[in-house]
Amino acid sequence: MFLTNLAVSAGAVAVLLGLVFAISVRRDRHDLIDVAWGLGFALVAAVSLALASQPNVLIAVLTMIWGVRLAVHIGIRNHGKPEDRRYVEIRQRSNGNLHLAYKVYLTQGLILLFVSLPVQVAQYIPAPPVWLVVLGALIWLIGFVFETVSDWQLSQFKADPANKGKLMTTGLWRYTRHPNYFGDAAVWTGLYVLACATWAGAATILSPVLMIWLLVNGSGKPLTEKHMRKSRPEYAEYADRTSGFFPLPPKRV
């Protein structure tokens with residue numbers, strides 16, 4: 001049954017990304033895939049719950065809440081703005097749309113399916129004990145609050161004309177340079193914990209590890225910091241006193 005779930009989830013993600021790719025080619029901009037990223041996880045969670053042999057409603061619902069919230073936030077953030085600089089640079093280095101489909105869409109689809117393995121496996125194993133449910137849900141909640149609040153704080157900061165060209169260093173951004181990425185990491189750690197009722201669930205440990213690696217060393221933190229150091233001269237001083245990922249009190253400089 002799990003293999004059927006994996007196949008159906010892969011098909012659903014392929015349809016979603018294929019549709020997004022077609023729309024993006026027509027619009028001549030490809031940052032819509034960032035919206036599809038969250039929606040893809042929500043879709044996999046919904047498919048897995050529908051096909052489940054031992055339904056785990058909590059992990060599916062928490063995944064859908066996270067995915068839809070992220071998709072809506074990114075959609076609102078990108079509306080009326082130029083295409084994300086990352087995709088502009090990727091398109092400049094790509095040899096046409098087919099190369100872009102392979103390099104961006106296929107890659108993200110495979111990562112999405114791999115990272116979501118705990119959510120899928122959880123639908124085919126016994127329910128976790130209460131203490132594990134509480135622990136996983138608490139970690140997820142901490143991450144979700146960090147991500148949601150930090151995104152809101154940043155959007156409010158940018159909406160104030162007086163802050164144009166300035167660096168966000170208050171709120172949750174005072175304790176970590178990437179509260180939204182930390183939140184993402186905590187969310188997927190919590191979801192993994194919820195899948196650890198058996199060894200089959202615990203064996204999906206590489207899924208949250210991959211997500212955290214991407215946030216810390218892949219397309220998350222490094223690219224963001226590279227851009228910020230170039231565009232904001234004061235970022236170096238901010239980085240010296242502020243934790244790079246895990247929330248900590250500011251250092252004295």
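1. Basis. Residues are numbered from 1 along each chain as its sequence is written, and side-chain values use heavy atoms, with hydrogens and water left out. As the model is predicted, local features need pLDDT of at least 70 and side-chain atom pairs count only at pLDDT 80 or more, whereas totals for chains, interfaces and linings use all residues.

2. Position of His-30. His-30 lies in the loop between helix H1 (2-27) and helix H2 (33-51); helices are DSSP runs of H or I with at least four residues, numbered from the N terminus.

3. Surroundings of His-30. The side chains of His-30 and Tyr-105 make a polar contact at 2.7 Å. Such a contact is a pair of N or O atoms within 3.5 Å; within protein, one must be able to donate a hydrogen and the other to accept it, and residues adjacent in sequence count only if both atoms are side-chain atoms. Leaving aside residues up to four places away in sequence, His-30 also touches others, among them Phe-21, Glu-83, Arg-91 and Asn-97 (contact: heavy atoms within 4.5 Å).

4. Helices H1 and H5. Residues of H1, including Val-13, Leu-17 and Phe-21, meet residues of H5, including Ala-101, Tyr-105 and Leu-112.

5. Aromatic pairs. The whole structure holds 11 aromatic pairs, in which ring centres of Phe, Tyr or Trp (its six-membered ring) lie within 6.5 Å; planes under 30 degrees apart count as stacked, over 60 as edge-to-face and the rest as tilted. Phe-41 and Trp-66 are edge-to-face, because their planes stand at 70 degrees, with the centres 5.4 Å apart. This pair joins distant parts of the chain, Phe-41 in helix H2 and Trp-66 in helix H3 (residues 57-78), 25 residues apart.

6. Phe-41 and Trp-188 form a tilted pair, with 4.9 Å between centres and 55 degrees between planes. Trp-188 belongs to helix H8 (residues 179-194), 147 residues from Phe-41. Phe-41 is buried at a relative accessible area of 1%, and Trp-188 is buried at 2%.

Technical notes. Helix = DSSP H or I, 4+ residues; strand = E, 2+ residues; numbered from the N terminus. Buried < 20%, exposed > 50% of the residue type's maximum accessible area, 1.4 Å probe, protein only.
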